[in-house]
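Reader: Before we turn to particular features, could you take me through this model slowly, giving the general idea behind each term and then the case at hand?

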Amino acid sequence: MILSKHEENNTIECLYDSTNILASKYLPDEKKLAIIFKSGTQYVYFDVKNEDYRKFEISKSQGKVMNSIIKKYSYTKSTVIVDVSPIMEQIKNLKNE
């Protein structure tokens, strides 16, 4: 479930209350979707259609949409592990508001 959404400079960034997915960043013009998981792993998916991204963003379960729709796109896995501590702190604060 989406907790927050920020749109700026044709970039959409969201934080989620999800079992495994913390955050996403979508670039509509480039059709790139970056997803950060609780493990700190980040994947970038390419040529993601706007309507598929919207399904992911608004779903009650990002994991289900990830598995049924997003995984069909080509992707790369980042070799850098993201420090998820600040993201998890933001999510905690949003949930407590």
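Author: Let us begin with burial, where buried means under 20% relative accessible area, exposed over 50%, and partly exposed in between, with a 1.4 Å probe and protein chains only. T11 has a relative accessible area of 14%, so T11 is buried. As for the source, this is a predicted model, in which local features need pLDDT of at least 70 and side-chain atom pairs count only at pLDDT 80 or more, while totals for chains, interfaces and linings use all residues. Residues are numbered from 1 along each chain as its sequence is written, and side-chain values use heavy atoms, with hydrogens and water left out.

Reader: In which element does T11 lie, and which residues does T11 touch?

Author: Helices (H or I, at least four residues) and strands (E, at least two) are DSSP runs, numbered from the N terminus, and T11 belongs to strand β2. Contact means heavy atoms within 4.5 Å; leaving aside residues up to four places away in sequence, T11 touches H6, K25, Y26 and L27. Strand β2, residues 11–16, is mostly covered, since five of its six residues are buried.

Reader: How should I read the pairing of β2 with strand β1, and over how many bridges does it run?

Author: Strands of a sheet pair through backbone hydrogen bonds, either parallel or antiparallel. Two strands count as paired here if DSSP finds at least two bridges between them; β1, residues 2–8, and β2 pair in the antiparallel sense over six bridges. Within this pairing E8 stands opposite T11, and the bridge partner of E7 is I12. The hairpin of β1 and β2 has two residues between the strands, and N9 takes a positive phi near 50° there.

Reader: What does β2 do with strand β3?

Author: β2 and β3, residues 21–27, pair in the antiparallel sense over four bridges, and the two form a hairpin with four residues between them. E13 has K25 as its bridge partner in β3, while C14 stands opposite S24.

Reader: What is the strand order of the whole sheet, and which strands stand at the edges?

Author: The open sheet has six strands in the order β1-β2-β3-β4-β5-β6, with antiparallel pairing. β1 and β6 (75–77) stand at the edges, each with a single partner strand, so one side of each is left without a neighbour in the sheet. Axes are lines fitted to C-alpha atoms, for helices over the stretch in contact, and angles run from 0 to 180 degrees between N-to-C directions; neighbouring strands of this sheet are turned by 15° against each other on average, with direction ignored. Helix α1 packs on the sheet, touching β1, β2, β3 and β4, and its direction makes about 25° with that of β2. Helix α3, residues 85–96, also packs on the sheet and touches β1, β2, β3 and β4, its direction making about 70° with that of β2.

Reader: Which residues of α1 are buried, and where do they lie around the axis?

Author: The buried residues of α1 are D52, Y53, F56 and E57. They cover an arc of only 140° around the axis, taken from the directions from the helix axis to the C-beta atoms, which puts them on the same side of α1. These buried residues pack against β1, β2, β3, β4 (32–37) and α2 (62–68). D52, at 5% relative accessibility, counts as buried, and D52 touches I69, I70, K72 and Y73, not counting residues up to four places away in sequence.

Reader: How many residues does the largest nonpolar core have?

Author: In soluble globular proteins, nonpolar side chains tend to be buried together. A nonpolar core is a set of buried Ala, Val, Leu, Ile, Met, Phe, Trp, Tyr and Cys residues joined through side-chain atoms within 4.5 Å. The largest one has 18 residues, and those with the most contacts inside it are I35, Y45, Y53, F56 and I70. β2, β3, β4, β5 (42–45), α1 and α2 each supply at least two residues of this core. A second, separate core of seven residues includes L22, A23, I36 and V84.
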